[in-house]
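Please consider the sequence and structure shown here.

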Amino acid sequence: MLFTSGEFLFAYLPLTLGLFFLVARGAGNAAAAAWLVLASFLFYAYWLPAYTGLLAASVIFNYLLGNFMLACPADRQRLRLALLSFAVGADLLALGYFKYANFFLDAVAQLSGRPLGALNVILPIGISFFTFTQIAYLADVFAGKVRERNPLHYALFVSYFPHLIAGPVLHHAEMMPQFTLPQIYRPRLENFAIGLAFLLMGLAKKVLLADSWAPLADDLFDSPATAAVAVGEAWRGVLAYTLQIYFDFSGYSDMAIGLSLLIGVRLPYNFNSPYKATSIIDFWRRWHLTLSRFLRDYLYFPLGGNRHGSVRRYLNLMVTMLLGGLWHGAAWTFVIWGGLHGVYLAINHAWRYLCAGLARRATVEVPAALRFAGRALALTLTLFSVVVAWVFFRARSVTDAVRILGSMCALPAGASAPTLGIGLGALVPLAGGFAVALLARNSQQLLDGPLTRAVQRISAGGWRVLALGAIVGAEVTAIALVAVISASRSVTEFIYFNF
Amino acid sequence: MLRAVTVILAATLGSALLLTTLELALRLLPVQNGIAAGDPSADWPAHRLIPNVHYTFSDAWDLRNVHRGVTNNMGYVAPFAYVPGSDAVAVVGNSFIEGLMDRYQDTLQGQLAWRVHDAPAILNFGSSGASLPDYIGLGPMVRRRFDVRWLVILVVGGDFEKGFSPPPGFFGWSAAARPPAELRPDRPRSAAVRLLRSLAVVRYLRGNLEFDLRHFLHTSVKGAPQACVPEGLHPGDRSLITAYAEGLPAAYGLPASRVILVFDSDRAELYRSHGASTQSRCPDRDDAARRTLAAAAADRGEHVVDLEPVFARYFRATGKRLDYSPLDYHWNAVAHGLAAAEVARVLNQAAPPPGVDTVRAARVAAVRPLRR
């Protein structure tokens, strides 16, 4: 079920929330939490019922293993380590089978020169997300950081429908305690007003912006490998994809956050205007924040982080980014995308080190105009590097990516490329998209600032129920309208559903 | 309880306020207007638009490709009235022929009017939502009103399969009937429907966004992918197609040699392959049915115009698209022009029909300015 679909917004969601509050009122908070778990599994089952068992098995297995570790006496460290290794190994094995088996078979076949048959495996939607959140939980159990052990809250933390399919990658410590709060089990108009506003913003990003650029990007990236592509066409497609993936994924994240806010549960932010970044380090502090946090805490730091000298640091960065790339999908294109960002990060760290040295010795104050020009140059260079990497991220194969990059540099691969220019018709919306991405305030700035303040002001006023009720009514109508726009097109899934 | 009622009332008020604001805003914008089905009548029970209306067309949520035009006395998109009894080349098809997204003079029928030597009036019977059964079902109605000299039918992707689920006012497949098409009856619109049609919000939802509640509540369901049908067609489908090709000329009272079937190409594939291919990678039931129809029609002496090589040649030579894709795959003026040139070639090469010396006069009589 897609968040943008009519059946989700106007059947599943009202029914789930309505029953959640009714059950909480009639049968208590635990029963309401149980209903939300059940509803989340139903949400998952709507896609492919057969894999709901896999999700359930994963939740039960990891919870039990976590409990065994917690039950181990502190002096049985080796046993706890063995349990952790077994659990994480089993999780990675399942992930490896469903997501990477064919990739590895293909790689072995290419290396050995002997064709191997492919496995007929369908990727269970959201498997990367629910596997990683649980690995983090197990690692924290091992490290003694886990306090909350309620099985219902654990099941809800993993399967919670707003994040189940495409994140954000949640951390148990920020989610499970929220499920114990009594206020989330009571409907509040303020939560509805803010949650629906966020949902509407996310929906608009996805439907009005991302889906509008999707055909331009698909047009380029779905062209056959033999086709030659003109320069303007290549840039148009790549820039359209650059905007599409940002508004698609940040729109999805906003919708997830908004849905969760309807019951007053706050999900972590996932984006902070990444295209405003003035360096790649800055970019990764703004793009897919919850995945970056996961990779940093559970991969980069355990590898040693920056504690063993600069060479090890660059190596650790590279390993982290390569695996981060592979997390997105079982293809060399994702590995190269991760590797490119690893190289970018290494260069960026080296540059910073160099600049810090120069700054210490500098005696002259840099003029403001020069600083501004420097920032503009840094932003452009960062964006350009990100755009180049997106080509690998989106292309169907490395050959395709190289062909498209060649076309962007006016090096068409074929002899007779139809000379399609970028065209004003495409240029204006693309420029508009980048203006929004680069200049406008992002949704979390709106949520934490004027939106919350406005709702608080209304709440404090004498017409609270009437005013908030009217706002909610208008928001529901606007959401319906955008959902109808979405339905007027062919089905467009969220890009991160594939990961 | 009182609080809940207050919230519901307030929410309704908020919703109404937003819709009112939207209504006012949309009234200033070129949302679709005047494009609505006319009521069925005893002599023309099939779908057509409300006659003699100035319409505005725009596409999708962002109101792109705005066109303004008129429907004529028969409720079809043409800037002139159709005069009963006049000699005619009937051009039949779906939204491609209706041509709301193009200027009339750029359409196939608009271009045929000047490309064909000594042609009778070129009358189009294009309706958005029509499919193959409509093209044959309209025959007796058209024949009763006009002296049809030639029949031109445009067949596009989906034309076979859509015939199995016709909306009210359109013909659908009927294996029992001969010709194999049966009308799904329509009803006159009530006053409430007419009132709703006058609202810009409703026109935007129904016209620009093609809102349909059943579809809206099933948008996540992709359905099983279409099976590839590289070889033959199901016997039931084949017999429908055979009966169709057999009955088409008779439905319009014409010999087979006066029927021209024009087949569109898979332009999406043409662009995907950058001009290398026009063949679907995975031909489905509809592709197979259209191929079978082309063969059956040719066997019976009907003219078959295949636009695949024509479009491919043009695209390879110029790199320019033949439609408004990637957002809308309806033909643009170039595609209409190429198709018109092909059809005109057949019409101009054919021997003049009996009484041809009178047709110019008939055309002049038929092409009268529309009543304003």
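The questions and answers below concern this model.

This is a predicted model, in which local features need pLDDT of at least 70, side-chain atom pairs count only at pLDDT 80 or more, and totals for chains, interfaces and linings use all residues. Residues are numbered from 1 along each chain as its sequence is written, chains are lettered from A and ligands numbered from 1 in the order in which they are written, and side-chain values use heavy atoms, with hydrogens and water left out.

User: How many cavities of 30 Å³ or more are there?

Analyst: On a 1 Å grid over the protein atoms alone, a cavity is a set of points where a 1.4 Å probe fits but cannot get out. Grid points are joined across faces, edges and corners, and a volume is the space filled by probe spheres set on the points. By this rule, the number of cavities of 30 Å³ or more is four.

User: Which helix gives the largest share of the lining of the largest cavity?

Analyst: The largest cavity has a volume of about 70 Å³, and its lining residues (those with an atom within 4 Å of a point) include Tyr246(A), Asp254(A), Tyr269(A) and Gln444(A). Helices (H or I, at least four residues) and strands (E, at least two) are DSSP runs numbered from the N terminus. Both α10 (231-261) and α18 (443-460) of chain A supply at least two residues of this lining. The largest share, five residues, comes from α10(A).

User: Is Asp254(A) buried or exposed?

Analyst: Asp254(A) belongs to helix α10 of chain A and is one of the residues lining the largest cavity. Buried means under 20% relative accessible area, exposed over 50%, and partly exposed in between (1.4 Å probe, protein chains only). Because its relative accessible area is 6%, Asp254(A) is buried.

User: What is the make-up by class of the lining of the second largest cavity?

Analyst: This cavity holds about 50 Å³ of space, and its lining includes His47(B), Phe125(B), Asp134(B) and Phe170(B). The elements giving two or more residues to it are β4 (87-93) and α4 (132-137) of chain B. Ala, Val, Leu, Ile, Met, Phe, Trp, Tyr, Cys and Pro count as nonpolar, Asp, Glu, Lys and Arg as charged, and the others, Gly among them, as polar. By class, the lining has seven nonpolar, three polar and one charged residues.

User: Which helix supplies the largest share of the lining of the second largest pocket?

Analyst: A pocket is an open set of points with protein on both sides within 12 Å along at least five of seven lines. The second largest pocket contains about 1,100 Å³ of space; of its 29 lining residues, the closest to its centre are Gly18(A), Phe21(A), Pro187(A), Phe192(A) and Val7(B). The lining divides into 22 nonpolar, three polar and four charged residues, and α1 (6-27), α9 (189-221) and α19 (464-487) of chain A together with α1 (2-27) of chain B each supply at least two. The largest share, nine residues, is that of α1(A).

User: What distance does helix α15 of chain A reach from its first C-alpha to its last?

Analyst: Helix α15(A) covers residues 368-394, 27 residues in number, and its buried residues include Leu383(A), Trp390(A) and Arg394(A). The expected span of a helix is 1.5 Å times one less than its number of residues. Close to the expected 39 Å, the helix reaches 39 Å.

User: Which residue in β2(B) is the bridge partner of Tyr55(B)?

Analyst: Two strands pair if DSSP finds at least two bridges between them. Strands β1 (residues 54-59) and β2 (residues 64-70) of chain B run antiparallel and are joined by five bridges. They form a hairpin with four residues between them, and Ala60(B) in the turn has a positive phi of about 65°. The partner of Tyr55(B) is Gly69(B).

User: Which residue in β10(B) stands opposite Val262(B)?

Analyst: In β9 (residues 259-263) of chain B, five of the five residues are buried, with Val259(B), Leu261(B) and Phe263(B) on one side and Ile260(B) and Val262(B) on the other. This strand pairs in the parallel sense with β6 (residues 147-155) of chain B over five bridges, where Val152(B) stands opposite Ile260(B). A parallel pairing over four bridges also links β9(B) to β10 (residues 303-306) of chain B. Opposite Val262(B) stands Val305(B).
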